[in-house]
Amino acid sequence: MNRIFGTSAARKAKPSLQDAISSTDTRVASIEVKIKKLDGELARYKEQMSKLRGGPGKEAIQQRAIRTLKQKRMYESQLAQLNQQVFNMESAALTTENMRNTMATLDAMQQANKELRKQYGKIDIDKIEKIHYDMEDMLEQANEIQESLARSYAVPDEIDEADLEAELDALQLEQEEEGPSYLADLNKVPDFVDEPPVEAVEAPQQEAVKSS
């Protein structure tokens, strides 16, 4: 039975959408060649009629030109239909490709979602929180150690500026009560000396003895 009718596998495969587009493009190219040929014939008929006056010869050429023009209009109509078919098939192919890409993206996202769930299942949130709190405690202890090491033992933690100003005023008052120091300026004359000492001026030498 299979030898006579053949099997389903031996049947010819159905053309794909791209095959249909290619076949239609071939038909479009063929019709465009025919339209171009008819344009050449119409141009020749137009030239012949321009050279003839009214009469049977001109009428015969005119009839051939009309038939050629009708044929051109028919091809142009077929060409418009085929171009529309190509456009529709290309739109369908583009939509199919976009849908295929969308499905591939969706599958990848689902796979990634499963992987993330699998990985997150291995994470213990309580352990993460405990590590976070331990880090905070260690940082706080480190800050306390730094503050302890940087503490000054000679200067009190809190110093009142008003006390410092009062102590400075007291030191100035004690200096005024003690009086001036004579050793501070050796060139200064003491207050109990009425007049400063006068430097001795050497007397000029007597004139030489007059010669006798």
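Let's start with Asp39. Asp39 is partly exposed, with a relative accessible area of 31%. Keep in mind that this is a predicted model.

Now to its partner. The side chain of Asp39 meets that of Lys72 in a salt bridge, 2.5 Å from N to O. This pair links distant parts of the chain. Asp39 sits in helix 2, residues 17-51, and Lys72 in helix 3, 33 residues apart. Helix 3 covers residues 56-120.

Is Lys72 buried or exposed? Lys72 counts as buried, because its relative accessibility is 14% and the cut-off for buried is under 20%.

What does Lys72 touch, leaving aside neighbours within four places in sequence? Lys72 is in contact with Ile35, Leu38, Asp39 and Leu42.

Next, Arg73. Its side chain forms a salt bridge with Glu76, at 3.6 Å, N to O. Arg73 and Glu76 are three residues apart in helix 3, so about one helical turn separates them. Arg73 is partly exposed at 47%. Glu76 is partly exposed too, at 30%.

Asp39, Lys72, Arg73 and Glu76 are linked in a network of salt bridges.

Further along helix 3, look at Arg100 and Glu97. They form a salt bridge, with the closest N and O atoms 2.6 Å apart. Again the spacing is three residues, about one turn of the helix. Arg100 is partly exposed at 48%, and Glu97 is partly exposed at 36%.

How many salt bridges does the whole structure hold? A search finds six.

How values were computed:
Residues numbered from 1 in each chain as written. Predicted model: local features only at pLDDT ≥ 70, side-chain atom pairs only at ≥ 80, totals over all residues. Heavy atoms only, no water. Helix = DSSP H or I, 4+ residues; strand = E, 2+ residues; numbered from the N terminus. Buried < 20%, exposed > 50% of the residue type's maximum accessible area, 1.4 Å probe, protein only. Contact = heavy atoms within 4.5 Å. Salt bridge = Lys/Arg side-chain N within 4 Å of Asp/Glu carboxyl O.
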